[in-house]
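Open the model in your viewer and keep the selection tool at hand. The tour goes stop by stop.

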Amino acid sequence: MGLNEKPLSTLHEKASYDLADFEVPTGREEAWRFTPLSRLKGLHNGKAQVSGQVITQAYTPAGVTAEWVGRDDPRVGKAYVPADRISAQAYNAFEKALVVSVPKEAVPDGHIGIELRGGGADGASYGHIVINVEPMAEAVVVIEHQGSAVYADNVEFVVGDGATLKVVSLQEWDDDAVHVSHHHAQLGKDATFRSFVVTLGGDLVRLSPSVSYTAPGGDADMSGVYFVDAGQHLEHRLLVDHSQPHCRSNVDYRGALQGQDAHAVWIGDVIIRVEAEGTDTYELNRNLILTDGARADSVPNLEILTGEVAGAGHASASGRLDDEHIFYLQARGIPFDEARRLVIRGFLGQLIERIEIEEIRERVLGAVEAELAR
């Protein structure tokens, strides 16, 4: 399949399965200007040696199937066309894809677990996952990333008509890991998608969650929290492509940064195409900069190509701890360090409370506490 040019919009115009359609990034391109290419270990230019090891295991409740399939399986690549060079590299380099299927009208007892563990950062690995939720079914998926790796992958979420999919993605890599990933959700008529991304570990992590709609009534909610330590580069690039009428989307990402050269990047792109009348969308990014030497880049983009929208807006804010909040707590006898922790925990905790699985929610809160104790 050749190059796919999307008319009219100036955002994300290029998509192709063919690696040759994407030039090697130089860092001057808009899509790559925040990413330190020298730290990608060759994922962006084809120099990465495919000798790494990432073990992927799936745990499914009764009625849900998980299978490893070849590249020729028709379910692979059906919902998502790679949108940049690393994504295309991953698509052309993976050997087997994991396909998880939830049957029509099924409501599994328990969540689907997918665990990825890296065995070292000496060589690169590539992967592909498809989560297929058939019409009127409901599913919860938890994807966990741990260990050390240089890893690029694509994850397709196919949400059928009237179906509901909730996803929690945890990036808890070791300090030397490099991870570049695209998560794409394709929503059917009246489908519901809830995504929660938690990014804490890794040397460089660049995630690109995106949503597209195939029929009216789709509802997408994308949330995320990240905590960036000294030297870390954590980047989230979101795209919501409204091409169908009467669909909804909401994006809310929050991050905290501490330490020299801690760098967070958040790009939020929303396109409302000519045919997408009645769209209701909002995106928000907030960053809390805890120390000198940390940097947050936040760029919300909203492109509206129709005059008939129900609502559309975006906001972005990056700043330091509110002295008044700290003073308020200290005035009530709470020491400064504890007051600081309470404010940060409240800032991130408002989103973390949305994680419905108690075990995962408590684990994320514990991980944030550990970051604050550093």
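**A charge over a ring**

Select Arg254 and Phe347: the charged end of Arg254 sits over the ring of Phe347, 5.6 Å from its centre. The rule for such a charge is NZ of Lys or CZ of Arg within 6 Å of the ring centre and within 35 degrees of the ring normal. This is a predicted model, in which local features need pLDDT of at least 70 and side-chain atom pairs count only at pLDDT 80 or more, while totals for chains, interfaces and linings use all residues. Residues are numbered from 1 along each chain as its sequence is written, and side-chain values use heavy atoms, with hydrogens and water left out.

**Helix H3**

Now select residues 336-352, helix H3. Helices (H or I, at least four residues) and strands (E, at least two) are DSSP runs, numbered from the N terminus. H3 has 17 residues and spans 24 Å from first C-alpha to last, close to the 24 Å expected at 1.5 Å a residue. That expectation is 1.5 Å times one less than the number of residues. Centre on Gly346: H3 has a kink of about 30 degrees there. The bend is the angle between axes fitted to the seven residues ending at a residue and the seven starting there. Phe347 is among the buried residues of H3, as are Arg340, Val343 and Ile344. Buried means under 20% relative accessible area, exposed over 50%, partly exposed in between (1.4 Å probe, protein chains only).

**Aromatic pairs**

Four aromatic pairs are counted. Rings of Phe, Tyr and Trp (its six-membered ring) pair if their centres lie within 6.5 Å; planes under 30 degrees apart are stacked, over 60 edge-to-face, the rest tilted. Select Tyr91 and Phe94: centres 5.9 Å apart, planes at 70 degrees, so the pair is edge-to-face. Both Tyr91 and Phe94 are buried.

Next, Phe157 and Phe193: centres 5.6 Å apart, planes at 40 degrees, so the pair is tilted. Phe157 lies in strand E7 and Phe193 in strand E10 (residues 192-199), 36 residues apart.

**The cores**

Phe157 and Phe193 are among the residues with the most contacts inside the largest nonpolar core, which has 54 residues. Such a core is a set of buried Ala, Val, Leu, Ile, Met, Phe, Trp, Tyr and Cys residues joined through side-chain atoms within 4.5 Å. Strand E7 (residues 138-159) gives the most to this core, with eight residues. Finish at a second, separate core of 29 residues, including Val225 and Phe227.
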